[in-house]
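Work through the exercises below with the model open. Each task is followed by a solution in steps.

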Amino acid sequence: MTDPMPTQPRYDAKVLWRQDKDHCIHPFTHFPSFEKEGALVIAEGRGAYVFDVDGRRYLDGIAGLWCVNIGHGNAEMADTLAEQARRLSFFNTFVDTTNPPAAQLAAKLADLAPAHLNRVFFDTGGSAANDSTVRTIHYYFNRLGMHAKKKLISRVDAYHGSSYLTMALTGKREDHEGFDLPEGLVDYVSCPNPYRRPAGMTIDEYCDQLVDELEAKILELGPENVAAFFAEPIMGAGGVIVPPAGYHRRTQDVCRRYGVLTVSDEVVTGFGRLGHMFASEPTFDLSPDVITSAKGITSGYVPLGASIFSDQIYEVISRSEPGRDSFNHGFTYSGHPICCAAALKNIEIIERDRICEHVREVGPYFEKRLSRLESLPLVGDVRGSHFMLCVENVANKQTKALLPEEVAIGDRISDHCEKRGLIVRPLGHLNVISPPLIMTRDEIDELVEILGASIEATADDLTREGIRID
Ligand SMILES: Cc1ncc(COP(=O)(O)O)c(C=O)c1O
């Protein structure tokens with residue numbers, strides 16, 4: 001049994017809804033529907049569940065936003081935040097001061113990351129981590145006298161953040177719409193999506209094609225101009241894309257051949273989502289020059305990001321050079337003591353409660369359970385790994401043709417889920433599932449049953465409306 005609403009609601013639901021609607025600009029907002037419906041006010045959370053302001057309970061199928069890995073309302077974590085706030089709420093980490101949680105966390109991350117990644121720069125979130133990484137990589141090549149090495153290669157449908165710089169790394173063209181980007185900095189190669197590979201091509205041939213494409217792109221731009229290749233081990237917001245086996249290792253080999261650094265964006269995949277603290281090495285045989293992290297690093301209790309650099313990069317950026325030995329990059333809140341204390345507690349909980357082991361054990365069950373939805377109308381593909389999963393909805397299962405955008409299929413299914421007490425994330429024609437990592441088999445069953453019923457209800461709606469699905 002799960003708790004009922006953990007505390008008595010203390011809000012006026014209507015007033016809150018109105019205040020938000022009248023004054024809050026939400027991230028990634030579709031204004032017409034927001035103006036009409038406003039936002040669901042989530043007021044509390046416990047374990048794998050959240051409660052809206054009226055006390056209705058929902059299974060949290062997205063862990064807040066890929067991040068509440070240890071679950072909601074963890075009392076130990078709350079105590080840690082309060083204790084650290086009382087002890088030292090803030091002091092800067094510029095040059096000659098640090099604080100105990102920042103020092104301890106840097107050492108812990110160096111311990112958890114692949115052996116050659118030992119130098120941690122603290123950021124305020126995932127975009128900032130990738131932003132810092134780009135600046136630092138440019139600084140590194142400048143110091144080596146390789147001033148032309150500036151270009152970055154990313155992938156269509158990748159998501160690396162929403163700052164001015166990282167939105168350029170983000171390869172979701174629809175997210176660029178109407179905004180400006182820094183010119184000429186980023187080039188893109190294909191999204192490695194096996195479900196949408198060319199007809200008649202085997203996965204191995206597809207992988208060869210993707211690797212060749214990256215090499216061709218580096219040669220086209222000139223290796224002397226290319227600084228780094230950014231990649232999420234499994235693309236998250238781009239549609240939970242698991243690349244073909246060997247893809248990461250082989251793209252890394254190509255990068256090495258041409259002196260291009262590799263950045264593994266583990267903002268989503270880190271801290272247990274795929275069953276390891278960092279997925280790059282154990283799951284993908286990757287040995288990147290930088291790992292970036294955020295979200296699950298604190299289980300979302302407070303904002304924090306980290307860029308973990310190789311010894312080789314550190315050696316160059318920290319080298320003393322006459323008149324040029326100051327690294328002028330950083331944020332007020334780099335190494336914030338409360339955020340670092342939260343990350344330390346989070347890691348302690350993940351290790352002590354064997355959460356990675358739980359994900360490795362229950363993840364295959366989750367994948368299998370969800371894959372049964374493939375027999376339902378609308379469902380073209382069920383994919384992902386462990387606690388990072390996705391359902392792709394199509395109009396025609398044979399041709400994989402999509403429904404018209406205005407049908408808003410992902411939203412419709414999510415709305416049905418919400419009515420039945422489950423939150424999943426609509427992303428265009430997809431529904432993404434990335435729940436807290438403490439989710440039990442029973443809760444997984446509940447999630448899959450509600451999602452299945454919601455897909456069926458949506459298919460019925462479409463049939464009633466005369467929208468064809470095959
Ligand atoms: C892979 C990846 N990188 C970076 C980011 C940006 O993180 P933030 O929103 O904390 O800036 C995200 C956010 O979803 C992400 O999924």
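The exercises concern a predicted model and cover its domains, the interface between them, the ligand site and the salt bridges.

**Exercise 1. Domains**

**Exercise 2. Extent of the interface**

Solution. Count contacts, with heavy atoms within 4.5 Å as the cut-off: 32 residues of domain 1 touch 33 residues of domain 2.

**Exercise 3. Polar links and composition**

Task: Find the polar links between domain 1 and domain 2, then list the elements and residue classes on the side of domain 1.

Solution. First, apply the salt-bridge rule, a nitrogen-to-oxygen distance within 4 Å; across the interface of domain 1 and domain 2 it finds 1 salt bridge. The side chains of Glu392 and Arg196 form a salt bridge with an N to O distance of 2.6 Å, which is inside that cut-off. Second, count polar contacts: 15 residue pairs between domain 1 and domain 2, both partners at pLDDT 80 or more. Third, list the elements of domain 1 that give two or more residues to this side: helices H3 (63-66) and H14 (355-371), and strands E11 (379-385), E12 (388-393) and E15 (430-433). Strand E11 gives the most, with 5 residues. Finally, sort this side of domain 1 by class: 21 residues are nonpolar, 6 polar and 5 charged.

**Exercise 4. The ligand site**

Solution. Collect the surrounding residues: Gly125, Gly126, Ser127, Asn130, Tyr159, His160, Gly161, Glu232, Asp265, Val267, Val268 and Lys295. Then read the distances to a ligand oxygen atom. For Gly126, a backbone N or O atom lies at 2.9 Å. For Ser127, a polar side-chain atom lies at 2.6 Å; for Lys295, a polar side-chain atom lies at 3.1 Å.

**Exercise 5. A salt bridge in a helix**

Task: Where do Glu83 and Arg87 lie, and how many residues apart are they?

Solution. The structure holds 27 salt bridges. One of them joins Glu83 and Arg87, whose closest N and O atoms are 3.4 Å apart. Both residues belong to helix H4 (residues 75-87), 4 residues apart, or about one turn of the helix.

Methods: Residues numbered from 1 in each chain as written. Predicted model: local features only at pLDDT ≥ 70, side-chain atom pairs only at ≥ 80, totals over all residues. Heavy atoms only, no water. Polar contact = N/O pair within 3.5 Å; in protein donor to acceptor, adjacent residues only side chain to side chain. Nonpolar A, V, L, I, M, F, W, Y, C, P; charged D, E, K, R; others polar. Near = heavy atom within 4 Å.
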